Amino acid sequence: QVQLVESGGGLVQAGGSLRLSCAASGSIFSLNLMGWYRQAPGQQREFVASITPGGWANYADSGKGRFTVSSDNAKNTVSLQMNSLRPEDTAVYYCTADASTTGGTRRFWGQGTQVTVSS
C-alpha cells in the first residue's frame with residue numbers, strides 16, 4: 001500500500017503564508033497525479049490543486065495566483081505553497097496521490113493537516 005504523510009499546517013494570520021508538504025512511501029510502481037484537497041467545517045471536501053509527473057499544474061479558482069503546487073518525482077513528494085492566505089482558506093488539507101501498486105491504480109489520501117487562518 002501507499003502511505004502519505006503531510007506536514008506544514010498551522011495557524012497563520014490573514015495575508016500570511018504556509019507551505020504544506022507530503023511524502024509518499026510504500027510499494028509504489030509509479031505515482032501519477034498528486035495533489036491537494038481541503039475540507040472546511042460543515043463543508044464538502046473540495047479540490048485545491050494537482051500536478052502531473054511532467055509538471056502540469058491545475059488549480060481551483062480559489063487558489064489561482066496565491067497557491068503554487070510543486071513535486072519532486074525522485075523523492076515522491078508534493079508541496080503546496082500558500083500565500084496571501086484568507087480566513088476562508090481555513091480547512092483540513094489532504095494530500096492525494098494516484099499511485100500504481102501491486103493492487104492496481106487508485107487514489108490514496110493522507111491523514112490531513114489543519115490550516116487555520118485568523119482574521
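**Entry 1: the hairpins**

I began with β5 and β6, which form a hairpin with 5 residues between them. In its turn, Gly55 has a positive phi of about 95 degrees. The strands, here and below, are DSSP runs of E with at least two residues, numbered from the N terminus. I noted that this is a predicted model, in which local features need pLDDT of at least 70, side-chain atom pairs count only at pLDDT 80 or more, and totals for chains, interfaces and linings use all residues. Residues are numbered from 1 along each chain as its sequence is written, and side-chain values use heavy atoms, with hydrogens and water left out.

I then looked up how β5 and β6 pair (two strands pair if DSSP finds at least two bridges between them). Strand β6 covers residues 57-59 and runs antiparallel to β5, with 3 bridges joining the two. Ile51 stands opposite Ala57 in β6.

**Entry 2: the disulfide**

Which cysteines form a disulfide? I found Cys22 and Cys95, with sulfur atoms 2.1 Å apart; the cut-off for a disulfide is a pair of cysteine sulfur atoms within 2.5 Å. The structure holds 1 disulfide. Cys22 belongs to strand β3 (residues 18-26) and Cys95 to strand β9, so the bond ties together parts 73 residues apart in sequence. The torsion about the S-S bond is about -80 degrees, so I recorded the disulfide as left-handed. Both Cys22 and Cys95 are buried, where buried means under 20% relative accessible area, exposed over 50%, and partly exposed in between (1.4 Å probe, protein chains only).

**Entry 3: Thr96**

Is Thr96 buried or exposed? Its relative accessibility is 3%, so Thr96 counts as buried. This residue lies in strand β9, which spans residues 91-101. I listed its contacts (heavy atoms within 4.5 Å).

**Entry 4: the core**

I next looked for a nonpolar core, a set of buried Ala, Val, Leu, Ile, Met, Phe, Trp, Tyr and Cys residues joined through side-chain atoms within 4.5 Å. The largest has 29 residues, and Trp36, Leu80, Met82 and Tyr93 have the most contacts inside it. Strand β9 gives the most to this core, with 5 residues. For Tyr93, I left aside neighbours within four places in sequence and found contacts that include Trp36, Leu80 and Met82.

**Entry 5: the whole protein**

I recorded 0 helices and 11 strands. Buried residues make up 41% of the 119 residues. The C-alpha atoms fill a box of roughly 45 × 25 × 20 Å along the principal axes. Among contacts between residues at least 6 apart in sequence, 55% join residues at least 24 apart.

How values were computed. Helix = DSSP H or I, 4+ residues; strand = E, 2+ residues; numbered from the N terminus.
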